[in-house]
Amino acid sequence: MKFNKDSRYVRWGLTAFAVIAAGITFYYFIFHSTNIVLGVGRILDILKPVLFGLATAYLLTPVLNFVENKILSPLFDRCKVKKGRRRSMFTRGIGILITAFLFVALIYMLVSMLVSQIIPSVQGIIDNFDSYSKNFTNWIEQTLKDNPEIGNYVTRTLDQMEKKITEQFSDILPSTASIIKTVSQSIISVLDVLWDFVIGFIISIYVIANKERFAAQAKKSAYALFEQETANTVIRNFRFTHKTFIGFLSGKVLDSIIIGILCFIGTTLMKTPYAMLISVIIGFTNIIPFFGPFLGAIPSAILIFVVDPMHPLNCVYFALFVLALQQFDGNILGPKILGNSTGLTGFWVIFAITFFGGLLGVFGMIVGVPIFAVVYAAARAFVNMKLEKKQLPKETNQYENVEYIDEERIIHPMGEKAEDAEDGKNKNQQHTVEKKKGVRGK
């Protein structure tokens, strides 16, 4: 008997098999999710160098494109170098060398700054913790001298906290073997991450060297797996996602670097203690939209106040400076660099930061806005497509004063129909929503 793959019995069998397999998968996912999580974590741990490489290549691609298109190509045109395969290969090679050099130089600068500035600052805070604590205690006593009971209570509380911290450190010191073991494990973990990062950097060089071929293979696979129109939609969506992510992340990093430099200049002129450490905190937290300035300014202001509580105006001046700096960033610098790269209103930005921050921590607060921007754009496109099929207006403001839509026309809250609203528009400004010409509800 000849096997007929188009037989309805075969289709029923495949459907039944798919349903049973989906049910088993769902059951295993619900009741054995721990094993799935461990398996996925193991796979991600194995592929960590590759993931590092892909992420690095993605971040370095705009730099390579800028070097090739804005520096090397005009230079070769001025030197009258003929275009061709040799020139393209030569341009790509030099571009990769310049990009890799800039990346390594950036890493070196960050590590140098960490070693020469930030670590000594943190060490200074630890070494002077006792004096800062005494200064803070003296300030409280002087401030609350008119209320001795409250002052004594606060002083006792601070003394108890200091005593507990000292006891914890004294309890930790005898357990030398445990400390050595913990430090050794930490060093091994750091070296493991560094090794994965080095391998990932090498992988990123191979990826950016052949980025056009990888893109071509992805397009080829899309057209092989989907219908032509679907493949075009998938490619357009990937381009939009890439544009949203790279525009937001690169712009936000550049914006934060500028803010950090300006903060360092301002705090140095004001002779603020630990100016470099505070500027790094302000610049780093500025990457987080909306909440970033507050996350950086509050601990920095507390640090300045604790260092010298007898001069609280230093903390006030710093707070005013950071407020002016963030106003400059939010109203002038940020819009110039970022523009409207996400297309989200303030409410959705706060929602994205809160939601993804709860899921992924600080990393989620950084990437949550572009991720939600892509989701928001997809939902908006879906809603507009459905409205277009129903021959209804796609503009949101068209629905501000709409009560309901009948079979023929849009009805306004006052009970007036759309074409009557057009006649009475000049007499009564309460009816602001008009029915588009030729648009009717089903």
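A salt bridge here is a side-chain nitrogen of Lys or Arg within 4 Å of a carboxyl oxygen of Asp or Glu. With that cut-off, lysine 211 pairs up with glutamate 212, and their closest N and O atoms are 3.0 Å apart. The structure is a predicted model, in which local features need pLDDT of at least 70 and side-chain atom pairs count only at pLDDT 80 or more, while totals for chains, interfaces and linings use all residues. Residues are numbered from 1 along each chain as its sequence is written, and side-chain values use heavy atoms, with hydrogens and water left out.

A search of the whole structure turns up eight salt bridges. Accessibility is handy for placing their partners: buried means under 20% relative accessible area, exposed means over 50%, and partly exposed is in between (1.4 Å probe, protein chains only). Glutamate 212, the partner of lysine 211, has a relative accessible area of 42% and is therefore partly exposed. Another pair is aspartate 45 and lysine 48, whose side chains meet with an N to O distance of 3.2 Å. Aspartate 45 comes out as partly exposed because its relative accessibility is 37%, and lysine 48 also counts as partly exposed, at 24%. In a further salt bridge, glutamate 388 and lysine 394 have their closest N and O atoms 3.9 Å apart. Glutamate 388 is exposed, with a relative accessible area of 53%, whereas lysine 394 is partly exposed at 40%. Some bridges share partners, and in this way Glu68, Arg92, Lys211 and Glu212 are joined into one network.

Next come the helix pairs. Helices (H or I, at least four residues) and strands (E, at least two) are DSSP runs, numbered from the N terminus. Axes are lines fitted to C-alpha atoms, for helices over the stretch in contact, and angles run from 0 to 180 degrees between N-to-C directions. Helix α10 (residues 275-285) and α11 have axes that come within 7 Å and cross at roughly 165°. That angle is why α10 counts as roughly antiparallel to α11; the label applies to angles over 145 degrees, with under 35 being roughly parallel, 65 to 115 roughly perpendicular and the rest oblique.

Sorted by class, the contact of α10 with α11 has nine nonpolar, four polar and no charged residues. In this scheme Ala, Val, Leu, Ile, Met, Phe, Trp, Tyr, Cys and Pro are nonpolar, Asp, Glu, Lys and Arg are charged, and the others, Gly among them, are polar.

Helix α11 (residues 292-307) also packs against helix α12 (residues 313-338), with axes that come within 9 Å and cross at roughly 160°. So α11 is roughly antiparallel to α12, and the crossing of α11 and α12 is right-handed. Pro293, Ala297, Ser300, Ala301, Ile304 and Phe305 of α11 make the contact with Asn314, Cys315, Phe318, Val322 and Gln326 of α12. The class count for the contact of α11 with α12 is eight nonpolar, three polar and no charged residues.

Threonine 56 sits in helix α3 (residues 48-78) and is buried, with a relative accessible area of 9%. Leaving out residues up to four places away in sequence, threonine 56 touches Phe103, Phe201 and Ser204. Glycine 251 belongs to helix α9 (residues 228-269) and counts as buried at 5% relative accessibility.

Most residues other than glycine have a negative phi, and most peptide bonds are trans. Lysine 271 is not a glycine, yet its phi is positive at about 55°. Lysine 271 lies in the loop between α9 and α10 and counts as exposed, with 74% relative accessibility. Glutamine 391, also not a glycine, has a positive phi of about 60° and lies in the loop between α14 (362-389) and β1 (404-405).

Notes
A crossing is left-handed if the near helix is turned anticlockwise from the far one by less than a right angle, and right-handed if clockwise. Contact means heavy atoms within 4.5 Å.
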